[in-house]
Amino acid sequence: MRESGRYRTFIASDNITERPGYARSGQQTLAIWCSNDYLGLSQHPDVIAAAVDDLRIQGIGSGGSRNISGSAQAHPELEKQFSEWHGKESALLFSSGYVANFETISSLRVALPDLVILSDRLNHRSLIEGIRRHRGETQIFEHNDLSHLRSLLESYPRERPKLIVLESIYSMDADLGPLREVCDLAEEYGAMTYVDETHAVGMRGPGGAGLLAELGETRATFVQAVCGKALGTVGGYVAGPRHAIDYVRSTAPGFIFTTALPPAIVSSTTTALSIVRGPEGAALRERLSANVALLKRLLTERGIPFLDHDSHFVPVLVPDAVRVKAVANTLLAAHDIYVQPINAPSVPSGTERFRLAPGPFRTEAQIAAFVDDLEHSLQLHQSTDPAGPLSEGIHP
């Protein structure tokens, strides 16, 4: 891994509450351009206050699993809010989005031994591992290829249980899943749907409820999302039919045999959710959208290749694992900028990139300065293939 440039190093940095988007690493103050804290809510004073207030009352840990003394009043209250947010009957909190996907999908496989799972080729690893955990029939359809999905569905009788698994926003390429069309196919062929809204909740739709809500689409069977990105805290959840969610709650090992999320975290998530759903959340999304548009325009003007899709991510292509790491090192050492190289296995070799997220707290001057520094660092480390793996949706 070291020789190929794929060896990953961690940059230890402490976030600075009074300066969203910045962190201290030793004597260095870094500008963070790759955070998943899209709206900066992890440093919002009301979110912090909610956690601090609860810490004083209940302490730090939950004390056990949800089954053994670890279920505070805040847990079911937040689950109810999530289910209502997505228009579902029930919801279940997990320690992370990865665990939520893995445990829910693998539990459904146990509940329905004859289940056929149809999975988008670019689905997140947590979805893939949940599908693989137990033996069962799986079909992989090409990314966002509705014709391929239809042909697979046609090969099974309507009465056989089927589950279509896809994402609403694919974070590495920043493109969107065809949610409405997939729900049409599911209805036509008698399939269930499982939509991972990890990168869309808080960012899209009325009240930040996600891409399904933006489309007015209510037919998805299951909706999964996380608290650790736009909501700025930690944890994950799945919302769906009451009996199915209760089955997962009652049987999933990764839920039953793990310590529950601390009540203070759940309280801070509840506060973050209220911000996201209110006028402040709408204003944050509007500023973020403006920053994304500005960043894309400046990158285009400089001839820096990026994947141009309708989301808040801006993946900048820096092909070659050694080169992307060298550019990241220059940005860190010369410009106090932290961007994490994205390489295999997260993306295919030869399509390495930086995944940028210009938060709503960024100013126009900061974005312009960042593009200057990025251009300078890219020029210092020229590629043997300057064009990179250009394809549809990549600019310039």
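Student: How many cavities of 30 Å³ or more are there?

Tutor: This is a predicted model, in which local features need pLDDT of at least 70 and side-chain atom pairs count only at pLDDT 80 or more, while totals for chains, interfaces and linings use all residues. Residues are numbered from 1 along each chain as its sequence is written, and side-chain values use heavy atoms, with hydrogens and water left out.

The count is four cavities of 30 Å³ or more. A cavity is a set of points, on a 1 Å grid over the protein atoms alone, where a 1.4 Å probe fits but cannot get out; its lining residues have an atom within 4 Å of a point. Points are joined across faces, edges and corners, and the volume is the space filled by probe spheres set on them.

The largest cavity has a volume of about 100 Å³. Its lining includes R66, H75, F94 and F255. β4 (90–94) and α9 (253–256) each supply at least two of the lining residues; helices (H or I, at least four residues) and strands (E, at least two) are DSSP runs, numbered from the N terminus. This lining divides into six nonpolar, five polar and one charged residue. Here Ala, Val, Leu, Ile, Met, Phe, Trp, Tyr, Cys and Pro count as nonpolar, Asp, Glu, Lys and Arg as charged, and the others, Gly among them, as polar.

The second largest cavity holds about 70 Å³. Among its lining residues are I11, K325, Y338 and P341. α12 (321–335) and β15 (337–338) each supply at least two residues, and the largest share, four residues, comes from α12. The lining of this second largest cavity has seven nonpolar, two polar and one charged residue.

Methods: 1 Å grid on protein atoms, 1.4 Å probe; cavity = no way out; pocket = protein on both sides within 12 Å on 5 of 7 lines; lining within 4 Å.
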